[in-house]
Amino acid sequence: ARVAVASAVMGAGLWWFAGDLSEWVVSGAFERVLWLGALVTGGLTAYFGVLFAMGVRVRDFRLATQSK
């Protein structure tokens, strides 16, 4: 459930900040690359920020090792 909430927040943020398609079409390549980088960074920050706020910690991402 926590991943679903974080994904929804990230998706809503990306949708909101991405802007209109016509803005992307008329922008230059350099501006699009910068804006896309900002969107990726913002999406990552939103996703992991929400997970952290909901109690998920770095240790929760580690793979469990199998004992013999």
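Biologist: In which helix is the place of Gly-43?

Modeller: Gly-43 sits in helix α3. Helices here are DSSP runs of H or I with at least four residues, numbered from the N terminus. This is a predicted model, where local features need pLDDT of at least 70, side-chain atom pairs count only at pLDDT 80 or more, and totals for chains, interfaces and linings use all residues. Residues are numbered from 1 along each chain as its sequence is written, and side-chain values use heavy atoms, with hydrogens and water left out.

Biologist: Why is Gly-43 called buried?

Modeller: Its relative accessible area is 4%. Buried means under 20%, exposed over 50%, and partly exposed in between, with a 1.4 Å probe and protein chains only. The value of 4% falls under 20%, so Gly-43 is buried.

Biologist: What is Gly-43 in contact with, leaving aside neighbours within four places in sequence?

Modeller: Met-10 and Leu-14. Contact means heavy atoms within 4.5 Å. The C-alpha atoms of Gly-43 and Ser-7 are separated by 9.2 Å, and these two residues are 36 residues apart along the chain.

Biologist: Why is Leu-36 called partly exposed?

Modeller: Leu-36 has a relative accessible area of 46%.

Biologist: How do you know that the length of α3 agrees with its 25 residues?

Modeller: The expected span is 1.5 Å times one less than the number of residues. For α3 that gives 36 Å, and its end C-alpha atoms are 36 Å apart, so the two agree. Helix α1, residues 2-18, reaches 24 Å, close to the 24 Å expected.

Biologist: What follows α3?

Modeller: Gly-55, with a positive phi near 100°. After α1 comes Gly-19, whose phi is positive too, near 80°.

Biologist: Which residues of α3 are buried?

Modeller: Leu-39, Gly-43, Tyr-47, Val-50 and Leu-51. The buried residues of α3 pack against α1 and α2 (21-26).

Biologist: What makes up the largest nonpolar core?

Modeller: Five residues: Ala-6, Tyr-47, Val-50, Leu-51 and Val-56. Helix α3 gives the most to this core, with three residues. Such a core is a set of buried Ala, Val, Leu, Ile, Met, Phe, Trp, Tyr and Cys residues joined through side-chain atoms within 4.5 Å. Ala-6 touches Tyr-47, Val-50 and Leu-51, not counting residues up to four places away in sequence.

Terms used: Helices (H or I, at least four residues) and strands (E, at least two) are DSSP runs, numbered from the N terminus.
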